[in-house]
Structures are given as structure tokens and as C-alpha cells.
Amino acid sequence: MPLDWSPLVELIRRHQTFLLMTHVRPDADGLGAQLGLADALAAIGKTARVVIASKLPPRYAFLDPKREVVEEFTAQTADNFRNVDAILVLDTGTWGQLGDFGPFMRSMTVPKAVIDHHRTQDDLGGLAFVDTSAEAAGRLSYEIIRALDAPLSPKAAHHLFMALALDTGWFRHANTTAKTFELAEELVRAGANPTPLYEQIFECASLGRLKLAGVAIQRLQVRAGGKIAFTEVVLKDYGQCGAVPGDTEDLIDYPRKIDGVEVALLFIEQADGGTKVSFRSRSADVSALAEQFNGGGHKLASGARLPDALPIAREKVLTAAEKLLLTPTAAG
Ligand code: AMP
């Protein structure tokens, strides 16, 4: 059941300048949803600023090679972003995913709206348009563009296709439905170009990225009779492999690939001493698992950031994952 977009359409019609934000460590869905919507807002005479509270990951630098579109928010540059009429947050609904933008957003009295497809939601203090049945936030941007009766340019279609394709693992994850392919068809007819996009994202790896994948594969381990698989990346791996933290983005696919694995985990040591954890599953609800550690996400794909050093975080999360698999509902 599509959302009722009329309150958002009204908000957009009443205002001129929009700040479009997504989650920290922005991915193709967040960026695609932002860029697609920004293009359509510009086409109807609005000003849309695409802002991230992180560095643009090198993998997505091709989206803005001259760095003219995507602006980087930091606590130091916050004042440059105050002069907006409304804030639209795409592809997250939690404070924990907004980084330094969270305190800034709390301080802003302009209208706000969350446009998201994750289960885990905080009250970010504005309108909330959340559809957990949407496979990608890009679909929600598409629905907004249609609700606004705005033009869908070839560029916007391309960005929305990127969002749709990447949040479904290029149409292979369980969130891919017949409707996903219908939308993909419409976006390709409107100008999206999948082949170069695939090459730019999946066939332009640095040597360092592949070497890091080699390290992660070598460290694969299983627990719970093979139902849990995990691997990890520590800080010194980046220097040794010639990789950067953004190169960890797809490493969770390796534990996920092992036959018989129900829950896959990736532990990434953070510069502040904490640990980022990615959770994936075939049917168990890993959003509930991630929420135990102040994270969240989707039923089958979630994340969390623990303050503990990696070995401690690993044991805490593995213990909780083993417990989850023992509960009768875990089979989903
Ligand atoms: P990741 O493992 O970081 O790729 O995240 C998997 C999914 O969970 C993505 O859709 C993220 O947006 C979401 N996610 C990751 N970390 C968090 C968090 N701390 N809180 C809520 N959602 C998260």
C-alpha cells in the first residue's frame, strides 16, 4: 500500500529551499534517493541541497566528479546549512545514523520530514513517511516525484535505478519483487543506464579493496554448527592492504555466501576504539539483534556501532546471535 504523500506534497509546495540528508556512511540507496529527488525538485523550481554528514566515499565519487553537488556537513561548517526552509531526511529514521547532523537538526525549527524504509525509527521531530515494504528509499523518492507531478529526467531515473539496484543487491536479495522489476523497467525507459553503472560500482575496485576482501575471507569463521559466520577487519588492515574504510562495504557478502549460514556478521574496528557491526540473515530478524546494541535497520540487514573494542564486541554479539537462533521465532 503506497504511502499518502499529500502532507509532504503540501510541505514541498509551501517552501522553496530544501536540505536533503541521508545516513552517515552514505550508500547508493541514500545517495540515489537524494540525487533523484533533488533533480525533480530543481525541475519544479525549488532549491535542493544534497548534504551528507560524512565524506563522499571514493566508490561514489563518480556521482559528483567535480564536487559541485554533494555538500559535506560537519559540526564546524553547520552555519552554512542553516539557511533552508525544510529538512528532508532520506533512508534513515534514527538519530544514531545522523552523526553530527543530529544536534544541528534538533536545533533547527524548520519543518522536517523523514522518508525511510527501515524498521528501526526514532522520533526525529517531523513528519514521518515510512514504508518498510519498499525495497529501497529510491522507490520512495520516485513516489514523491510522481505525487508532485514533477518531471522524471533521465538523470533522476538513473540515480533512482542505482538506489533500487543496490539496495536489492542488484535484484538478488529477498526484498526484490515483481514490482521491483516493474519500477526498474520504468526507470530504464526513462533514461537509467544499468551497464555503465554496474561497471562504475562493481568493476572499478582498487587493488587495496580486493586485498582487503582477501584478508576478510581468510578470517572467516563459523559458530553455532555453521549457522553463524563472521569475519573482521582491524585498523592496520587498511595500511597493509592499501585500502580505505569505505572498502569494507561489501565484505558482509562473504560470510553470507557460506552454505547453511543463517546469520552473517562483519566486525570492523573503528578509529575511536569502538566496533561497527553489520548483520545479515536469511530469515531471522537481525534488526532485533542490532537493536540490542543501539543499532537497527531491516529484518534481514541491519547494523550497529558498539563502544567496545573488537574482541569484546565480537563475543557480545556472537552470544546474542546464538541466543537469537535458539528462540523458536528466529526461523522467521
Ligand atoms: P550496514 O551493515 O551498515 O550496511 O547496514 C545495514 C542496514 O542497516 C542499512 O540499511 C543501514 O542503513 C542500517 N543500519 C546500519 N547501522 C544502523 C544503526 N546504527 N541504526 C539503524 N540502522 C542502521
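Predicted model: local features only at pLDDT ≥ 70, side-chain atom pairs only at ≥ 80, totals over all residues.
Colleague: Let's start with the ligand. How many residues surround it, and which are the closest?
Modeller: There are 15 residues around the ligand, and the closest are R25, H118, K276, S278 and G296.

Colleague: What is the make-up of that shell by class?
Modeller: The shell has 10 polar residues, three charged ones and two nonpolar ones.

Colleague: Which strands supply at least two residues of the shell?
Modeller: That would be strand 10 (275-281), strand 11 (296-297) and strand 12 (301-306). Strand 12 gives the largest share, with four residues.

Colleague: And what about polar atoms, say on H118? How far is its side chain from an oxygen atom of the ligand?
Modeller: A polar side-chain atom of H118 sits 2.6 Å from a ligand oxygen. R280 has a side-chain N or O atom 3.1 Å from an oxygen atom of the ligand. With G303 the backbone is involved: one of its N or O atoms is 3.4 Å from a nitrogen atom of the ligand.

Colleague: How much of the ligand does the protein bury?
Modeller: The protein buries 85% of the 480 Å² that the ligand exposes when taken alone.

Colleague: Back to R280. Where is it, and what does it touch?
Modeller: R280 is in strand 10. Leaving out residues up to four places away in sequence, R280 touches I252, R256, E262, V263, A264, V286, L300, A301 and S302. The R280 side chain also reaches the backbone oxygen of S302, at 3.4 Å.

Colleague: How far apart are R280 and R256?
Modeller: In sequence they are 24 residues apart, and in space their C-alpha atoms are 7.1 Å apart.

Colleague: New topic: helix 4. Why does its span agree with what it should be?
Modeller: Helix 4 (residues 137-148) has 12 residues, so at 1.5 Å a residue it should span 16 Å, and its end C-alpha atoms are 17 Å apart, which agrees.

Colleague: Which other residues have a positive phi although they are not glycine?
Modeller: D91 has one of about 70 degrees, and N294 has one of about 65 degrees. For background, most residues other than glycine have a negative phi.

Colleague: Where is D91, and is it buried or exposed?
Modeller: D91 is in the loop between strand 4 (86-90) and helix 3 (101-107). It counts as buried because its relative accessibility is 1%, and the cut-off is under 20%.

Colleague: And N294, buried or exposed?
Modeller: N294 is exposed, because its relative accessible area is 76% and exposed means over 50%. It is in the loop between helix 11 and strand 11.

Colleague: One more residue: where is T180, and what does it touch?
Modeller: T180 is in helix 6 (residues 178-189), and it is buried at 0% relative accessible area. Not counting residues up to four places away in sequence, T180 touches E135, R139, L164, T168, F171 and N175.

Colleague: Last one: what covers the buried residues of helix 12?
Modeller: The cover includes strand 7 (221-223), strand 8 (228-233), strand 9 (263-269), strand 10, helix 11 (286-291) and strand 12. The buried residues of helix 12 include L310, R314, V317 and L324.

Notes
Residues numbered from 1 in each chain as written. Heavy atoms only, no water. Buried < 20%, exposed > 50% of the residue type's maximum accessible area, 1.4 Å probe, protein only. Contact = heavy atoms within 4.5 Å. Expected span 1.5 Å × (residues − 1). Near = heavy atom within 4 Å. Polar contact = N/O pair within 3.5 Å; in protein donor to acceptor, adjacent residues only side chain to side chain. Areas by Shrake-Rupley, 256 points an atom, 1.4 Å probe, with all protein chains shown as cover. Nonpolar A, V, L, I, M, F, W, Y, C, P; charged D, E, K, R; others polar.
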